[in-house]
Amino acid sequence: MEIIKWGIIGCGNVTEVKSGPAFQKAPNSALVAVMRRDAAKAEDYAKRHNVPKWYSKAEDLINDPEVDAVYIATPPSSHKEYTILCAKAGKPVYVEKPMALTFEECNEMISVCKEHNVPLFVAYYRRGLPRFLKIKEIIDQGKLGTIRHVNCVLYHPFEKRYDDEINLPWTVLPHISGGGIFVDLACHTLDFLDFVLGPIKSVRGHASSQLMAYPAEDAVSMSFLFENGIHGSGIWNFASFERYDNTEIVGDKGKISFSTFGNDPLHIQYVNGEKETITIENPLHIQQPFIETVIADLLGNGTSPSKGTSGARTTWVIDQVLKDFREASK
(Lines give C-alpha, C1' and ligand atoms only; values in the text may rest on other atoms or scores of the structure.)
Protein backbone atom coordinates (compact mmCIF):
# COMPACT_ATOMS: atom_id res chain seq x y z
CA MET A 1 0.00 0.00 0.00
CA GLU A 2 1.34 3.40 -0.96
CA ILE A 3 1.93 5.95 1.80
CA ILE A 4 2.43 9.70 1.42
CA LYS A 5 5.29 10.78 3.71
CA TRP A 6 4.77 14.37 4.83
CA GLY A 7 7.01 17.13 6.08
CA ILE A 8 5.69 20.25 7.83
CA ILE A 9 7.27 23.68 7.43
CA GLY A 10 6.24 25.79 10.42
CA CYS A 11 5.12 23.49 13.23
CA GLY A 12 3.34 26.19 15.26
CA ASN A 13 0.00 26.31 17.05
CA VAL A 14 -2.19 25.39 14.08
CA THR A 15 -0.34 22.09 13.74
CA GLU A 16 -0.69 21.01 17.38
CA VAL A 17 -4.28 19.70 17.12
CA LYS A 18 -6.02 21.06 14.03
CA SER A 19 -3.75 19.60 11.37
CA GLY A 20 -0.48 17.98 12.44
CA PRO A 21 -1.84 14.76 14.01
CA ALA A 22 -4.10 14.27 10.98
CA PHE A 23 -1.07 13.46 8.83
CA GLN A 24 -0.30 10.62 11.24
CA LYS A 25 -3.87 9.36 11.65
CA ALA A 26 -5.14 9.57 8.08
CA PRO A 27 -4.97 6.35 6.05
CA ASN A 28 -1.97 6.00 3.70
CA SER A 29 -0.17 8.87 5.40
CA ALA A 30 2.83 9.42 7.67
CA LEU A 31 4.46 12.51 9.17
CA VAL A 32 8.20 12.02 8.89
CA ALA A 33 9.73 15.48 9.39
CA VAL A 34 8.97 18.95 10.78
CA MET A 35 10.75 22.27 10.50
CA ARG A 36 10.82 25.44 12.54
CA ARG A 37 13.46 28.19 12.52
CA ASP A 38 13.85 27.69 16.26
CA ALA A 39 15.57 24.30 16.32
CA ALA A 40 14.70 23.65 19.98
CA LYS A 41 10.99 24.18 19.27
CA ALA A 42 11.17 21.94 16.20
CA GLU A 43 12.82 19.21 18.26
CA ASP A 44 10.26 19.62 21.04
CA TYR A 45 7.37 19.29 18.59
CA ALA A 46 8.92 16.25 16.94
CA LYS A 47 9.48 14.46 20.24
CA ARG A 48 6.00 15.24 21.58
CA HIS A 49 4.34 14.06 18.35
CA ASN A 50 6.66 11.12 17.65
CA VAL A 51 8.01 12.58 14.41
CA PRO A 52 11.36 11.02 13.40
CA LYS A 53 13.12 14.13 12.03
CA TRP A 54 13.26 17.84 12.70
CA TYR A 55 14.98 20.71 10.94
CA SER A 56 15.63 24.42 11.41
CA LYS A 57 15.95 25.16 7.68
CA ALA A 58 13.09 24.72 5.22
CA GLU A 59 15.46 23.75 2.41
CA ASP A 60 16.73 20.79 4.42
CA LEU A 61 13.24 19.44 4.94
CA ILE A 62 12.22 20.04 1.33
CA ASN A 63 15.31 18.25 0.02
CA ASP A 64 14.95 15.29 2.38
CA PRO A 65 14.45 12.30 0.04
CA GLU A 66 12.08 10.66 2.52
CA VAL A 67 9.65 13.60 2.34
CA ASP A 68 7.13 13.06 -0.46
CA ALA A 69 4.91 16.13 0.10
CA VAL A 70 5.08 19.31 2.15
CA TYR A 71 2.54 21.08 4.34
CA ILE A 72 3.37 24.80 4.58
CA ALA A 73 1.94 26.04 7.89
CA THR A 74 3.75 29.37 8.14
CA PRO A 75 2.21 32.87 7.97
CA PRO A 76 1.14 33.95 4.44
CA SER A 77 4.20 36.14 3.86
CA SER A 78 6.35 33.04 3.25
CA HIS A 79 3.82 30.87 1.39
CA LYS A 80 5.02 31.88 -2.07
CA GLU A 81 8.70 31.41 -1.25
CA TYR A 82 8.27 27.94 0.22
CA THR A 83 5.80 26.82 -2.46
CA ILE A 84 8.29 27.73 -5.17
CA LEU A 85 11.07 25.83 -3.41
CA CYS A 86 8.84 22.77 -3.07
CA ALA A 87 7.74 22.94 -6.70
CA LYS A 88 11.31 23.13 -7.94
CA ALA A 89 12.11 20.09 -5.79
CA GLY A 90 9.14 18.21 -7.27
CA LYS A 91 7.28 18.01 -3.96
CA PRO A 92 3.46 18.43 -3.86
CA VAL A 93 2.32 21.34 -1.70
CA TYR A 94 -0.45 21.69 0.86
CA VAL A 95 -0.40 25.36 1.90
CA GLU A 96 -2.25 27.05 4.73
CA LYS A 97 -4.89 29.67 4.10
CA PRO A 98 -5.04 32.39 3.00
CA MET A 99 -3.04 31.10 0.07
CA ALA A 100 -0.71 34.13 -0.16
CA LEU A 101 -0.47 37.86 0.51
CA THR A 102 -2.06 38.82 -2.81
CA PHE A 103 -3.79 37.38 -5.87
CA GLU A 104 -0.64 38.12 -7.85
CA GLU A 105 1.40 35.92 -5.51
CA CYS A 106 -1.21 33.17 -5.80
CA ASN A 107 -0.87 33.22 -9.57
CA GLU A 108 2.92 32.96 -9.29
CA MET A 109 2.52 29.90 -7.08
CA ILE A 110 0.07 28.31 -9.50
CA SER A 111 2.34 29.01 -12.46
CA VAL A 112 5.47 27.53 -10.86
CA CYS A 113 3.63 24.42 -9.67
CA LYS A 114 2.16 23.94 -13.14
CA GLU A 115 5.59 24.39 -14.72
CA HIS A 116 7.04 21.65 -12.52
CA ASN A 117 3.93 19.43 -12.69
CA VAL A 118 3.45 19.65 -8.92
CA PRO A 119 -0.03 19.53 -7.31
CA LEU A 120 -0.97 22.55 -5.18
CA PHE A 121 -3.65 22.30 -2.47
CA VAL A 122 -4.93 25.04 -0.14
CA ALA A 123 -6.10 24.38 3.44
CA TYR A 124 -9.68 25.54 3.05
CA TYR A 125 -10.69 22.47 4.99
CA ARG A 126 -14.37 23.33 5.33
CA ARG A 127 -14.67 21.87 1.85
CA GLY A 128 -14.09 18.49 3.53
CA LEU A 129 -15.93 18.87 6.86
CA PRO A 130 -19.17 16.86 7.25
CA ARG A 131 -20.99 19.87 8.73
CA PHE A 132 -20.32 21.97 5.65
CA LEU A 133 -20.81 19.11 3.20
CA LYS A 134 -24.32 18.78 4.65
CA ILE A 135 -24.99 22.44 3.76
CA LYS A 136 -23.79 21.79 0.22
CA GLU A 137 -25.94 18.67 -0.01
CA ILE A 138 -29.07 20.58 1.07
CA ILE A 139 -28.41 23.26 -1.54
CA ASP A 140 -27.51 20.80 -4.31
CA GLN A 141 -30.66 18.77 -3.65
CA GLY A 142 -32.73 21.89 -4.28
CA LYS A 143 -34.33 21.93 -0.83
CA LEU A 144 -33.94 25.72 -0.68
CA GLY A 145 -35.05 26.18 -4.27
CA THR A 146 -33.14 28.59 -6.46
CA ILE A 147 -30.60 30.48 -4.37
CA ARG A 148 -31.17 34.24 -4.50
CA HIS A 149 -28.81 35.82 -1.99
CA VAL A 150 -26.39 35.28 0.89
CA ASN A 151 -25.61 37.43 3.92
CA CYS A 152 -22.53 37.07 6.15
CA VAL A 153 -22.08 38.68 9.57
CA LEU A 154 -19.10 38.17 11.84
CA TYR A 155 -18.12 40.44 14.70
CA HIS A 156 -15.97 40.15 17.81
CA PRO A 157 -15.05 42.40 20.74
CA PHE A 158 -11.63 44.03 20.71
CA GLU A 159 -9.07 41.74 22.33
CA LYS A 160 -6.57 43.05 24.86
CA ARG A 161 -3.66 41.32 23.14
CA TYR A 162 -3.92 43.95 20.41
CA ASP A 163 -3.12 46.69 22.94
CA ASP A 164 0.58 45.82 22.93
CA GLU A 165 2.00 47.74 19.97
CA ILE A 166 5.44 46.15 20.38
CA ASN A 167 4.20 42.54 20.41
CA LEU A 168 1.23 42.55 18.08
CA PRO A 169 0.14 39.13 16.74
CA TRP A 170 1.21 38.57 13.15
CA THR A 171 -2.44 38.20 12.13
CA VAL A 172 -2.85 42.00 12.31
CA LEU A 173 0.44 42.88 10.61
CA PRO A 174 -0.35 43.22 6.88
CA HIS A 175 3.23 42.65 5.70
CA ILE A 176 3.03 39.18 7.26
CA SER A 177 -0.66 38.28 7.02
CA GLY A 178 -1.93 40.32 4.08
CA GLY A 179 -4.36 42.20 6.30
CA GLY A 180 -6.08 41.81 9.65
CA ILE A 181 -8.49 39.43 11.34
CA PHE A 182 -10.82 39.87 8.37
CA VAL A 183 -8.24 38.21 6.12
CA ASP A 184 -7.56 35.46 8.65
CA LEU A 185 -11.21 34.56 9.26
CA ALA A 186 -13.40 35.84 6.43
CA CYS A 187 -11.40 33.85 3.90
CA HIS A 188 -12.98 30.66 5.30
CA THR A 189 -16.51 31.95 4.73
CA LEU A 190 -15.75 33.39 1.30
CA ASP A 191 -14.06 30.19 0.15
CA PHE A 192 -16.95 28.06 1.35
CA LEU A 193 -19.40 30.26 -0.56
CA ASP A 194 -17.24 29.77 -3.65
CA PHE A 195 -17.48 26.02 -3.03
CA VAL A 196 -21.26 25.85 -2.71
CA LEU A 197 -22.43 28.74 -4.91
CA GLY A 198 -19.63 29.18 -7.44
CA PRO A 199 -17.08 31.93 -8.10
CA ILE A 200 -17.67 35.57 -7.17
CA LYS A 201 -17.21 37.83 -10.19
CA SER A 202 -17.70 41.32 -8.76
CA VAL A 203 -16.89 42.92 -5.39
CA ARG A 204 -17.61 46.34 -3.92
CA GLY A 205 -16.86 47.37 -0.37
CA HIS A 206 -15.18 49.42 2.29
CA ALA A 207 -12.46 48.67 4.83
CA SER A 208 -11.26 50.87 7.66
CA SER A 209 -9.57 50.91 11.04
CA GLN A 210 -12.15 52.20 13.51
CA LEU A 211 -9.98 51.77 16.60
CA MET A 212 -6.60 52.52 14.99
CA ALA A 213 -5.13 49.90 17.32
CA TYR A 214 -2.98 48.13 14.73
CA PRO A 215 -1.91 48.62 11.10
CA ALA A 216 -4.59 46.38 9.59
CA GLU A 217 -8.29 46.95 9.01
CA ASP A 218 -10.74 46.08 11.80
CA ALA A 219 -14.00 46.79 9.94
CA VAL A 220 -15.10 45.60 6.50
CA SER A 221 -18.39 45.83 4.65
CA MET A 222 -18.91 44.46 1.19
CA SER A 223 -21.38 43.47 -1.49
CA PHE A 224 -20.59 40.88 -4.11
CA LEU A 225 -22.11 39.16 -7.11
CA PHE A 226 -21.58 35.54 -8.09
CA GLU A 227 -21.10 34.45 -11.68
CA ASN A 228 -24.50 32.75 -11.58
CA GLY A 229 -26.31 35.96 -10.54
CA ILE A 230 -26.62 35.29 -6.80
CA HIS A 231 -26.18 38.44 -4.71
CA GLY A 232 -24.18 38.61 -1.49
CA SER A 233 -23.39 41.00 1.33
CA GLY A 234 -21.21 40.88 4.41
CA ILE A 235 -20.14 42.73 7.54
CA TRP A 236 -17.01 41.91 9.51
CA ASN A 237 -16.09 43.94 12.59
CA PHE A 238 -13.56 43.25 15.32
CA ALA A 239 -14.34 46.09 17.72
CA SER A 240 -17.91 45.18 18.68
CA PHE A 241 -19.59 44.43 21.98
CA GLU A 242 -19.98 40.65 21.63
CA ARG A 243 -19.24 37.67 19.42
CA TYR A 244 -21.65 36.89 16.60
CA ASP A 245 -21.15 34.58 13.65
CA ASN A 246 -23.91 33.86 11.17
CA THR A 247 -24.25 33.28 7.44
CA GLU A 248 -27.61 32.94 5.70
CA ILE A 249 -28.06 31.38 2.28
CA VAL A 250 -31.54 32.23 1.03
CA GLY A 251 -33.47 30.61 -1.79
CA ASP A 252 -37.02 30.94 -3.07
CA LYS A 253 -38.15 27.85 -1.11
CA GLY A 254 -36.20 28.26 2.12
CA LYS A 255 -33.02 29.39 3.83
CA ILE A 256 -30.20 27.89 5.85
CA SER A 257 -28.32 29.70 8.64
CA PHE A 258 -24.98 28.59 10.04
CA SER A 259 -21.81 29.78 11.75
CA THR A 260 -18.46 29.46 10.02
CA PHE A 261 -16.67 28.76 13.30
CA GLY A 262 -17.65 26.36 16.07
CA ASN A 263 -20.16 23.52 16.17
CA ASP A 264 -23.39 25.53 16.20
CA PRO A 265 -26.41 23.72 14.71
CA LEU A 266 -27.55 24.35 11.15
CA HIS A 267 -30.94 26.07 11.10
CA ILE A 268 -33.21 25.57 8.10
CA GLN A 269 -36.57 27.22 7.37
CA TYR A 270 -38.84 26.21 4.49
CA VAL A 271 -41.46 28.19 2.62
CA ASN A 272 -44.25 26.03 4.11
CA GLY A 273 -43.26 27.09 7.65
CA GLU A 274 -41.39 23.94 8.59
CA LYS A 275 -38.13 24.31 10.48
CA GLU A 276 -35.23 21.90 10.84
CA THR A 277 -32.18 21.88 13.09
CA ILE A 278 -29.17 19.72 12.29
CA THR A 279 -26.20 19.25 14.61
CA ILE A 280 -22.96 17.81 13.25
CA GLU A 281 -19.90 17.95 15.49
CA ASN A 282 -16.53 18.81 14.03
CA PRO A 283 -13.75 16.22 14.44
CA LEU A 284 -10.97 16.75 16.96
CA HIS A 285 -8.39 17.16 14.20
CA ILE A 286 -10.52 19.50 12.16
CA GLN A 287 -8.41 19.35 9.00
CA GLN A 288 -8.31 15.56 8.83
CA PRO A 289 -11.31 14.95 6.53
CA PHE A 290 -9.92 17.43 4.05
CA ILE A 291 -6.33 16.14 4.37
CA GLU A 292 -7.69 12.71 3.49
CA THR A 293 -9.01 14.15 0.19
CA VAL A 294 -5.53 15.53 -0.53
CA ILE A 295 -3.94 12.14 0.12
CA ALA A 296 -6.52 10.40 -2.08
CA ASP A 297 -5.81 12.91 -4.84
CA LEU A 298 -2.05 12.35 -4.61
CA LEU A 299 -2.54 8.58 -4.75
CA GLY A 300 -4.91 8.83 -7.71
CA ASN A 301 -7.92 7.66 -5.70
CA GLY A 302 -9.95 10.87 -5.71
CA THR A 303 -9.97 14.61 -6.26
CA SER A 304 -9.45 17.20 -3.54
CA PRO A 305 -11.94 20.09 -3.69
CA SER A 306 -9.50 22.91 -2.79
CA LYS A 307 -6.59 23.61 -5.11
CA GLY A 308 -4.53 26.60 -6.11
CA THR A 309 -7.03 27.95 -8.62
CA SER A 310 -9.93 28.02 -6.15
CA GLY A 311 -7.76 29.29 -3.31
CA ALA A 312 -6.59 32.15 -5.50
CA ARG A 313 -10.17 33.22 -6.21
CA THR A 314 -10.77 33.87 -2.51
CA THR A 315 -7.60 35.97 -2.31
CA TRP A 316 -8.82 37.93 -5.34
CA VAL A 317 -12.07 38.78 -3.50
CA ILE A 318 -10.10 39.94 -0.45
CA ASP A 319 -7.82 42.05 -2.65
CA GLN A 320 -10.80 43.82 -4.19
CA VAL A 321 -12.34 44.92 -0.91
CA LEU A 322 -9.03 45.90 0.74
CA LYS A 323 -7.56 47.68 -2.30
CA ASP A 324 -8.37 51.24 -1.25
CA PHE A 325 -7.45 50.67 2.42
CA ARG A 326 -4.11 49.19 1.45
CA GLU A 327 -3.39 52.08 -0.87
CA ALA A 328 -4.26 54.66 1.78
CA SER A 329 -2.08 52.87 4.34
CA LYS A 330 1.10 53.05 2.27
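Predicted model: local features only at pLDDT ≥ 70, side-chain atom pairs only at ≥ 80, totals over all residues.
Local features need pLDDT of at least 70 and side-chain atom pairs count only at pLDDT 80 or more, while totals for chains, interfaces and linings use all residues. Numbering starts from 1 along each chain as its sequence is written, and side-chain values use heavy atoms, with hydrogens and water left out.

**View 1. The largest pocket, about 1200 Å³ in volume.** On a 1 Å grid over the protein atoms alone, a pocket is an open set of points with protein on both sides within 12 Å along at least five of seven lines. Points are joined across faces, edges and corners, and the volume is the space filled by probe spheres set on them.

**View 2. Who lines the largest pocket.** There are 42 lining residues, meaning those with an atom within 4 Å of a point. N13, V14, A73, W170 and T171 sit nearest the centre. Two or more residues each come from α1 (13-16), α5 (79-88) and α9 (181-197), helices being DSSP runs of H or I, at least four residues, numbered from the N terminus. Top contributor is α9, with 4 residues.

**View 3. The one cavity of 30 Å³ or more in the whole structure.** A cavity is a set of points where a 1.4 Å probe fits but cannot get out. Around it are P98, A100, L101, S177, G178, V183, T315, I318 and R326. Helix α11 (residues 308-329) supplies the largest share of that lining, 3 residues.
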